[in-house]
Amino acid sequence: MNTIKTKLRLYFPLIKSLQTALLMVTGLAGYMSARCPITTRPTMLGLALSLFLTISGSTILNMWYDRDIDAKMARTAKRPLPSGKIEPNQALRVGLIISIVGVAIGVAMDALYGLIIFGGIFIDVVIYTIWLKRKTAWSIVWGGISGGMPILAGRALGIGTVDWIGIALLFAILFWIPTHILTFSIRYRKDYQSAGVPTFPSTYGEKVTQMIIAISSVLAATVIGIAAYGIGTEWGFLRLMAVLSLGLLSLAIASVIKPSETVNFGLFKYASLYMLSAMILLMF
Amino acid sequence: MKKISILDRILLLITGLLAAYQIVVGMKNAGTLAISAYTVAFGVLLVAGLLIIILGFDVLDSPLVVIVSTIIPLSLSLGLVSQYLPSWQAAYIIFVVVGFLLVVYSRYKMEGAMAVIPLASVHGIAGMTIFLLPIIFSIQGKAANGFFWVGIGGALIGIGGLLLAFLKSGKAILSKKTILTVLPGLLLLMAAAFMVGFAA
């Protein structure tokens, strides 16, 4: 029993619980945008379980592959893999098993849904992490597409096909990702440089990066608003979404006009809160 | 600067949720302009609350605080005038626009007592409107009895706005620490009073 507890404690940081939870919420929101109020609890449970396993599995696989660069960065050097608390081969096995089980549950529920979450893992682990992350700063576009897969998958499971709203929701996540990741890479610019990972701040400078963050915030807020309108979200919820979007835009503009560590950190935190709130609003 | 506590964060979060609720449900019998004005007021309250939760009270050091804390009473009073005194709507819109521009101008181009005059005037008129209009209308029976709670909320926002505005203009009424200690509770009471009043 104690061994299992110890293992769980070691593996917990490998799944990036907050990021996994946020992506799960996007998947649930995608499903509930088509099926609300929820009347099929087994489907919701299956959706939550398959998303949890596939997102956690791909995160563990990313951690396994990136353990060498994690060891070079102060922020990540104490993670279980670079610090040697977990055997790399063991982490690889766990990551693969969890991912396969998650995709298998997804395929058993609905072939299209399973295919989309498999696509999400493939893009995230193979295209983003293994192929592009160490080569180009533009790899985050693929990271963004993989981040949009849970919401597209949830929507596809809800309506049985891929519609324009599902694609719009994917794009909303894709455009939101730079706001989240680029503010983070500005904050930890030196860390990424020392690990040799190309980022927008190190490749194009902070000014251009802040401009991209502002533009992507505008696009994310616009696309999510259009998707919410298409879903038929009530006016009251649309008003609230508009208010939260204006908060995001104000911070993004402030980061361009008067850049500072405080504004950058505020934008990073607010962007996560914004996405969580927007997803909850899409459920109604 | 006072460090933000867990209790402060909880109070601000509840305030934000009340403001979000008010934005979603809107107000009974309010026209488009009134709903828009109320949405701006509660929207600024919501976003400002979230930013304080995220960044702490340090965010209040920004020179924009005076301007932002003026938007709430101005837009809330505009909503009330538009809904309950429609014949005054056009004149009040002019006051709101001119008053807001004056406050912005005074923040960047004026100093000392001269900078405080537009601020006190605009806050005073908007605050009195939010305080008196609901109370008078509920006494006269032109609005529901419970609508007077909006006036109570108006009194609280007036206190909060003036405390912040004078603190930022360098003529603090209370110490900074005291203001920051009472601010989250004051904002929550204000949001709760508005919610009860508008639901009446």
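Reader: Is Glu261(A) buried, partly exposed or exposed, and at what relative accessibility?

Author: The general idea comes first: buried means under 20% relative accessible area, exposed over 50%, and partly exposed in between, with a 1.4 Å probe and protein chains only. At 44% relative accessibility, Glu261(A) counts as partly exposed. Please note that this is a predicted model, in which local features need pLDDT of at least 70, side-chain atom pairs count only at pLDDT 80 or more, and totals for chains, interfaces and linings use all residues. Residues are numbered from 1 along each chain as its sequence is written, chains are lettered from A and ligands numbered from 1 in the order in which they are written, and side-chain values use heavy atoms, with hydrogens and water left out.

Reader: With which residue does Glu261(A) form a salt bridge?

Author: A salt bridge is a side-chain nitrogen of Lys or Arg within 4 Å of a carboxyl oxygen of Asp or Glu. Here the partner of Glu261(A) is Arg187(A), and the closest N and O atoms are 2.9 Å apart. Arg187(A) belongs to helix 8 (residues 164–187) of chain A and Glu261(A) to helix 13 (residues 261–282) of chain A, so the pair ties together parts that are 74 residues apart in sequence. Helices are DSSP runs (H or I, at least four residues), numbered from the N terminus. Arg187(A) is partly exposed, at 32% relative accessibility.

Reader: How many salt bridges are there over all chains?

Author: A search of the whole structure finds seven. One of them joins Arg134(A) to Asp66(A), with the closest N and O atoms 3.1 Å apart. Arg134(A) is in the loop between helix 6 (111–132) and helix 7 (139–159) of chain A, while Asp66(A) is in the loop between helix 3 (41–65) and helix 4 (67–72), 68 residues apart. Asp66(A) is buried, with a relative accessible area of 4%, whereas Arg134(A) counts as partly exposed at 28%.

Reader: How is a nonpolar core read, and how many residues has the largest one?

Author: A nonpolar core is a set of buried Ala, Val, Leu, Ile, Met, Phe, Trp, Tyr and Cys residues joined through side-chain atoms within 4.5 Å. In soluble globular proteins, nonpolar side chains tend to be buried together. The largest core here has 116 residues, and those with the most contacts inside it are Tyr270(A), Phe42(B) and Phe198(B). Helix 2 (residues 32–55) of chain B gives the largest share of this core, 15 residues. Contact means heavy atoms within 4.5 Å. Not counting residues up to four places away in sequence, Tyr270(A) touches residues of both chains, including Val243(A), Leu244(A), Val47(B) and Leu50(B).

Reader: How many residues of chain A are in contact with chain B?

Author: There are 14 residues of chain A in contact with 14 residues of chain B. Buried area is the accessible area (1.4 Å probe) that two parts lose on being put together, summed over both. The two chains bury about 1,200 Å² between them, 86% of it on carbon and sulfur atoms. Arg239(A), Leu240(A) and Val243(A) supply 42% of the area that chain A buries against chain B, more than any other three residues. The count of salt bridges between chain A and chain B is zero.

Reader: Where does Ser255(A) lie, and is it buried or exposed?

Author: Ser255(A) is in helix 12 of chain A, and it is buried, with a relative accessible area of 3%. A polar atom of the Ser255(A) side chain lies 2.6 Å from the backbone oxygen of Ala252(A). Leaving aside neighbours within four places in sequence, Ser255(A) is in contact with Gln210(A), Val263(A) and Leu267(A).

How values were computed
Helices (H or I, at least four residues) and strands (E, at least two) are DSSP runs, numbered from the N terminus. A polar contact is a pair of N or O atoms within 3.5 Å; within protein, one must be able to donate a hydrogen and the other to accept it, and residues adjacent in sequence count only if both atoms are side-chain atoms.
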